[in-house]
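Notebook open, model loaded. I start with the disulfides, then go through the overall numbers and the cavities.

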Amino acid sequence: MKCVFCRLFVLLLWIINDSGICASHQGIPLSVVKLWASAFGGEIKSIAAKYSGSQLLQKKYKEFERSVRVEEIDGIKLVKKLAAKMEQRFHKKAEAIKRLVEAAEEAHLNHEEDPDLQYEYFNAVLINELDEEGRSVELGGEFILQPNEHFNNLSVNLSLSVVQVPTNMYNKDSDIVNGVYWSEALNTVFVDNFKRDPSLLWQYFGSAQGFFRQYPGMKWTPDEHGVLEFDCRNRKWYIQAATSPKDVVILVDVSGSMKGLRLTIARQTVSSILDTLGDDDFFNVIAYNEDLHYVEPCLNGTLVQADITNKDHFRQRLDKLLAKGIGMLDVALTEAFELLSNFNQTGRGSECSQAIMLVTDGAVETYDAVFAVYNWPDRKVRVFPYLIGRESAFADNLKWMACANKGYFTQISTLADVQENVMKYLHVLSRPKVIDREHDMVWTEAYIDNTLEDAQGPVLMTTVAMPVFSTKNETRNKGILLGVVGTDVPVSEILKAIPKYKLGIHGYAFAITNNGYILTHPDLQPLYEEGKKRRKSSYSSADLSEVEWEDKEDELRNAMVNRQTGSFSMKVKKTVDKGKRVLVLHNDYYYTDIKGTPFSLGVALSGGHGKYVFRGNISVEEGLHDLEHPDVALADEWTYCNTEEHPDHPVLSQIEAIKLYFNGEEHLKCDQELVQEVLFDAVVTAPLEAYWTSLALNKSENSDKGVEISFLATRTGLSRINLFVTPDQLSNQGLLTGEDKEVQFSADHFPLWYRRAAEQVPGTFVYSLPYDAASDNKSVVLASSAIHLLDERESPIAAAVGIQMKLEFFQRKFWTASRQCAALDGKCSISCDNDDISCYLIDNNGFIIVAEDQSLTGVFFGEPEGAVMGKLVSMGSFKRVNLYDYRAICRVYAQTSDTAHTLLHPYFALFAAIRWLLTEFVIFLVEFNLYSWWHSDLTITAHRGGRTLLVPCDTEYPAFVSERTIKETVGNIDCESCVKSFVIQQIPSSNLFMVVIDNTCDCSDFGPVTMEPVEIMYNESLKCERLKFQKDRRRPDTCHPFHHEENSMECGGSVSLSPSSPALLVLIISIFSR
C-alpha cells in the first residue's frame, strides 16, 4: 500500500512539473517575476496616463455625456447615400466627356479633307526645342509652361493642348495633319470643362490615325534611345470604347515554311493581338501544322478571360512554338469555328462579337467549304488574316477569306509593321457601333498614372471614355471611327465622397468593377519592393476575393458583381503594421451599385464600437474659437469642405474653409455633419492644451525626461500635438512629418496607434515600436489608449491619446524594475543581470521591445527563442493565425538563355539590326536557313546562366496574438539532455509581457519560429483547374457585333481580289448579297 502511495506521489509531481501550471525551475520564482511586472507596469502606466492626459480627456467627454446622442449605423442607408454621392461625382466627369464628343464630331463634320494641308501644331516632344542656331524647331515653338499644384506641380499650359505622335509615325502625314487641324476645336471645350469642374485632371482625344491630343499641354520626353512608344490606340480605354466585347481564337501557322524571321514576326503579331484584348474579352491561341497544338494544352476546347495574368501566361508559352511540317488550315479553321460555337453556348463568354485571327505565311486555297458549313450566310464570326513575310503569292486567298467573312486582311513584312497592322481590325469591329451611333460610355479598371506618381506613392486612376464617330452621311455605311475621348478620374475622388468618420475606426469603403476587380480597397497593394516602387504585373486585375479571402464562397463578391443591394457578415483577419500584426474582427458588409458606371460600392463596419456613432452639440462660436488653436490639425486626406470648387482653393486650408463656411461663404460646400462634430471635438479636447503646457513648464523639475510628445486624435480626424522638447531634439519626427502614413489619418484608415488602442480593454495602454528600431537607441516607443464615450461594452470610441518616449528611457525603466525583489536582506534570488537567465519584454503580437541584446529590438520573439515561442503556442498563451496573400511576389531562380532579354542590350540590338539587313538582302535565296542560323547562334551564346526572377505567387504566413485570458504562465521544455524553464507574466494595464528564460539549458535544436511567408505550391492538375476556373462576372450592358448596313468590301490590303475561279467569284457575290 505504501508503495502505491509513493508511485501516486511521484506521478503527481511529474504531472505538475510537466504541465508548467504550478511550478517551474527553482531559479525563476513566479512571485519575483510578478513583482517586476507589477513595478514596471505601474510606473510606465503612470507616466503614460500623466503625459497623455487620458484621464482628463475621459472626464471631459463624460461631462458632455448627456448632450450627445448615440446612434446605431444603418449600413444599407449609408451605402446607398455614399453611392449616390459618388454617382454625382462620376456624372460630372461623364458630362465633360459628352461635351468633347459633340465638339469633336461637329468639328469633323465641318472639315473638308485636304491632302495638301500644311499646318503647324504644338508637338508634345518638340515644343520649346531649339535648333543649333537658337530658333524653334519645326512643330515646336514657344509653349508657356507653369508648375500647377493640381497636376502634382508638373509644368503645364492651362490654355492649350499638345499633340503627341508615336515615333514610328510621320509627324506631317496628311491624315495626321488634317486630324490635328479639325481637333483644335477641342481646346475651347477642354478649358471650359476645367472651369466647370476644377477637379478634372487630364482630358484627351486619341485619334484613330494614331495621334494623341492632351490637355493641359505639357512637354513629353522620349526615352534614352529617343523613342516614344506610347500609342493611344492600344490603351484599354481606347479599345473598350471603340469596340464591343469579343470572343477571339488566334490561329498561328507553325508549319516548316514559318521558320526563322517569319515565326518571330508571328509571335510578335500574336502578342500584339493580345495587347488589344481587355477584361471583357475571351480568347485562346491554337498553333497548327499537320496537327493542332493548343498553346496551353490545359485549355483545350475552351476560352479564357483576357486578363493580364492569362495574357502573360500565353506570351510565355509562345516562346515554345517550333516550326515544322505542313500546315492544315482547314482543320484549324474547323476547330476554331467549333470552339467559338461551343463556348458561346456555355454562356460564359462575351456573348457578343466573335473573331478568328489567322497568322500565317499563306493559304493554298480559300476554304470556302469550311466557311459554308460554319459561317455562312450569317457571317457572325469575322475572319482577320495576317499574311507574314514579303511573299504575296497567297495574298488573294487570304484577302478573299477576310472579305467573305466581314473581316480585314493585312500583310506584315517586318517586326516594325506589326503593331500598326494588328490594330486595323479594331476599326472593323467598331463599324456596327459607329453606324448605330451608339456612344457607349466605358470606365476602365484601376491603373497607375505615370505622370502623377509622387513621393506619397502611386496615384490610381480610372478612365471614363466615349467613341467619336464620323457623322458625314456619305461615309455612314463605312462606319468610320474618328477616335476616343477620355478623362482620368483619380480613385481618390471615390474616397472623397466617403466620410471616413461614418465608417468608424476599422471600417472602410471599397469598390469593384463588373469583373470583380478592385477599383479601390485599403488592402490593394499595387507595388512591391516598396523602396523601388515596382509595380505588380497584374495589380489592375486584383480580384475582391484575393483580399477578402475569408469569403470562401464569394458571396460578397458575386452579389456586388451582379449589382445587388444587400448585406453580409463574416469574421475577418485584418493585417496592420505592414502585415506584421493581425486584428481579428467581425465585419458587417453593405453594398449597392453606382448607377451610370460598371462599379459597385461596399462598406465594411466592424462589430461592437464600429456600429455606433454619436453626435455632440456645441455652439459654432465656441467651436471655431477652439478650432483655431495652433496645436489643432485636421486629417489631410479627409474632405471637410470641397475647396477644389472655391476660386482660392490652392491656398485654402480645411480649417480656413470651415471658418468661411460658417461665415456664410456661398462658394463652399461642406459636410455639415462632419464640421459640426469637429467643432464639438475641438471644444472637448481644448483643455488638454493648457494641461500639456503646464506639464511642459514643470517638466524640468521631474525625472520623466524621456517623454517627447503628447498627442491625441478624435473620431472626426482632429488631432492635437504637444512637444516637450524642441523639434530638433526629437528622437524621431515621424509623427510631425507624416513620413510614416501608418501613424497618420489617411483617406481609408485611422492611425495605427489609434486602431490598436481601440481593441484593448478600456483604461489600458498599447505600447509599440512604430519605426525600425536601431541599436543606437534613436528609436521611440508609442503608448496609446482609447477614450470611450460611455461605460457600456459597445460604447463608441470618441478619441485616443498617446505619448512618444525615447526607447532608451523606456528600456531603462524596465531594467530598473527588474532589479527589485521582496527579500528583507535586499539579496535577490534572481536578477536579469544574471547570465543564467534572459529577460525580454514582448508585445501581444510577439515582437521584442526590450532585450539585453539591443539588436533584437523589434525582432519577432520566435527568432531568438524558438523553443519558448513554440511552447507558448502549444500551451495556448499565444495563438498562431494563418494568413494568406494571393497577390504576393516570389523570387525564383531561373536557368535561362532568354533571347528577349538579349534584345534589350544595346550590343545585341545593334547586332540584330545588322543581321536583319543582311538577311533582307539575300532573303530571296536562303531566307529561312540564313535567318535560322543567325538566330540560333545568337540564342545559344546569349547570357547563359541563372538569374533571379520575381513572379506572382500565393503565399501563406503566420501572425501571432496573445490570449487575453491568460495573465501568467510557467513552462518547462524538454530538450535533449536538460529541461528549460521559463516564466511569462503580463504587464498590468498594457499589451506587454515579461518573459524570463533559463539560459543554462540549450534548446537550439528546436530552431526558430519565424513569420516568413511560404509559397503555396500547386500541382499541375490544380494549376490547370485554376486556369480554367472563371469567377462570376457581369457583361457590359451593350453589344454591337454587326450591322446590316456596314460595307464588308472595306476588307483591307492592296492586293486585288482575284478568286481562283469564276465559280468562287459568283459565290462571294452571292454571300455579299445576303
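Is the link of cysteine 641 and cysteine 670 right-handed or left-handed? I get 105° about the S-S bond, so it is right-handed. This is a predicted model, in which I use local features only at pLDDT of at least 70 and side-chain atom pairs only at pLDDT 80 or more, while totals for chains, interfaces and linings use all residues. I number residues from 1 along each chain as its sequence is written, and side-chain values use heavy atoms, with hydrogens and water left out.

**Entry 1: cysteine 641 and cysteine 670**

I looked up the S to S distance for this pair and got 1.9 Å, which meets the disulfide rule (a pair of cysteine sulfur atoms within 2.5 Å). Cysteine 641 sits in the loop between β26 (632-634) and α18 (654-662), and cysteine 670 in the loop between α18 and α19 (672-685), so the bond ties together parts 29 residues apart in sequence. My helices (H or I, at least four residues) and strands (E, at least two) are DSSP runs, numbered from the N terminus. Cysteine 641 has a relative accessible area of 1% and is buried; cysteine 670, at 15%, counts as buried too. For me buried means under 20% relative accessible area, with exposed over 50% and partly exposed in between (1.4 Å probe, protein chains only).

**Entry 2: other disulfides**

By the same rule I count eight disulfides. In one of them, the sulfur atoms of cysteine 403 and cysteine 1051 are 1.8 Å apart. The torsion about their S-S bond is about 70°, so I note this disulfide as right-handed. Cysteine 403 is in helix α12 (residues 395-404) and cysteine 1051 in the loop between α28 (1020-1028) and α29 (1062-1072), so parts 648 residues apart in sequence are tied together. Both cysteine 403 and cysteine 1051 are buried.

Cysteine 890 and cysteine 953 also pair up, with sulfur atoms 1.9 Å apart. Here the torsion is about 80°, so I have another right-handed disulfide. This pair links strand β34 (residues 878-896), which holds cysteine 890, to strand β35 (residues 945-962), which holds cysteine 953, 63 residues apart. I find both cysteine 890 and cysteine 953 buried.

**Entry 3: the whole chain**

I count 29 helices and 39 strands in the protein chain. Of its 1074 residues, 54% are buried. Among contacts (heavy atoms within 4.5 Å) with a separation of 6 or more, 73% are between residues 24 or more positions apart.

**Entry 4: cavities**

How many cavities of 30 Å³ or more does a search of the whole structure find? I get seven. A cavity here is a set of points, on a 1 Å grid over the protein atoms alone, where a 1.4 Å probe fits but cannot get out; lining residues have an atom within 4 Å of a point. Grid points are joined across faces, edges and corners, and a volume is the space filled by probe spheres set on the points.

The largest cavity has a volume of about 190 Å³. It has 15 lining residues, and closest to its centre are Tyr501, Tyr612, Val613, Arg715 and Ile797. β25 gives the largest share of this lining, four residues.

The second largest cavity holds about 80 Å³ of space. Its lining includes Asp577, Arg581 and Trp753. α22 gives the most to that lining, with three residues.

Conventions: 1 Å grid on protein atoms, 1.4 Å probe; cavity = no way out; pocket = protein on both sides within 12 Å on 5 of 7 lines; lining within 4 Å.
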